[in-house]
Amino acid sequence: MKNGETLSFIDDIKKRFESANWQVISDVDGSSFSDLEAAFKKAKVEQKRPTLIVADTVIAKGIAGKEGDSSAHASPLGKEEIIEMKKKAGLPTGDFEVPEKVYEYFSDYLAELKKEFAEWKELESNYEAEFEKEYQELMSGIELEADFDLDVLDVQEKEGKPIRNYAGEYYQLLAEKLPYLVGGTADLSASTRINLDQYPDIKRGYFAGRNIKFGIREHAMAAAAGGIMLHGGLRPVTATYLTFSDYMRPSIRMAALMGLPVIYVFTHDSIYVGEDGPTHQPIEQLESLRMIPGLRVIRPATETEVKLAWKAAVEEKNKPVILVMARQNVNAYEKEISAAEFEKGAFVVSGEAEPDIAVMASGSEIETALEVKELLKRDYRVRIISVPEKEKLYQNQNYLELLLQNVKLSVAVEAGNPTGWYRILRGSALIFGVEEFGFSAAGDEIAAEFGLTAEKIAEKIKKYLS
């Protein structure tokens, strides 16, 4: 853009938002403090509609040679240009020199804020005295309190029951303990099972519900969840298919960057989605989410792991948490896992103390790994390690080394892109994954095509070790 001309953008923003019934305040000089102040005051008066303020500005205003030119975005100002700018603004021209009037203004403003804060504390105190129960609920939401015994949450474990169903049932039970939990899906409540059936939906003019119908708009859903979390007092839970996390990625990344503990639930987490085809089969999404700094990604394999994953999510106050759930059923292993073990990110679920082979997996692939152990047990001692939170395991190198100590072969199995597993395994290693798009067929048929059946994995391990 140069001198007010746009090269590619001709939208009439004012008409677009007016057509959506927004209040639009235009004819505002974006370089005028008085214009901006008046616009904000007018915006605050409107209580029923959102407001858009259209402020006209000129890039690099007041700087000779750069005013109205996009080069000001990246080109640093020279010393003479800075002095000229300060003179036009009526500021001292010395380095780091602040006018006395600025100190006076902020001194007066501080006194004003202290007065407002005292009035607010009085209002808070009066509210607490009159509405004690409501006040405690409000504070529990602000502090994200989750100090209850997880054992009181009881979901019936049943053969043939999908992992996503367990996720939804625990969400409903948690909502009874944590009144600040609210959430919704991108028009996929029936598929993801994330819906508080015992509570009504939030609708226009009715905000006592706890379900938010976001519609088919994952990007907006994730952005709204971040805004709700920033406001405080409520904790949003959102849900959709894992492959659609791509639409949400900018807001998920911002939540991680800002330390917003939003909870995202993703179901239909691998090629086992099957006949929905490659558009709905996530290949790269799981690993790409694990790569985002400051984001917890947990992929449980059984009903117990789902329960512990929810516990980890609601107790996390400083990071966003992603819970990844399989659409299909996964048979449970026999070993009981404690919350302390789960918090390590990985744990042994089956195997001898001194194994020849260690097979690591998460989610539905744990069932495959256990079948591999059965096929190899006559010839090798095999340890099966569930890794619901791979990045947490990676951060604990001592524990990782202990899990893989003295094994002849370390193996990873994942029905998606396996790239991140290379930094987890040690010594001689084999990785089984998917590095191309899937196709439309039954999930088991797709797994066979990609060599992810227990028989094919066991055969390749034997060949490698022979």
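Which residue stands opposite Thr238 in S5? Read on to point 2 for the reply.

1. A word on the model: it is predicted, so local features need pLDDT of at least 70, side-chain atom pairs count only at pLDDT 80 or more, and totals for chains, interfaces and linings use all residues. Residues are numbered from 1 along each chain as its sequence is written, and side-chain values use heavy atoms, with hydrogens and water left out.

2. Gly184 is the residue opposite Thr238 in S5. Strands S3 (residues 181-185) and S5 (residues 235-241) pair in the parallel sense over five bridges. Pairing here requires at least two DSSP bridges between two strands; helices (H or I, at least four residues) and strands (E, at least two) are DSSP runs, numbered from the N terminus.

3. Take the whole sheet next: it is open, has six strands in the order S4-S3-S5-S6-S8-S7, and pairs in parallel. S4 (211-213) and S7 (296-298) are the edge strands with a single partner each, so one side of each has no neighbour in the sheet.

4. Helix H6 (residues 163-177) lies across S3, S5 and S6 (263-267), at about 145 degrees to S3. Helix H9 (residues 245-258) lies across S5, S6 and S8 (321-324), at about 155 degrees to S6. Angles run from 0 to 180 degrees between N-to-C directions, with axes fitted to C-alpha atoms, for helices over the stretch in contact; contact means heavy atoms within 4.5 Å.
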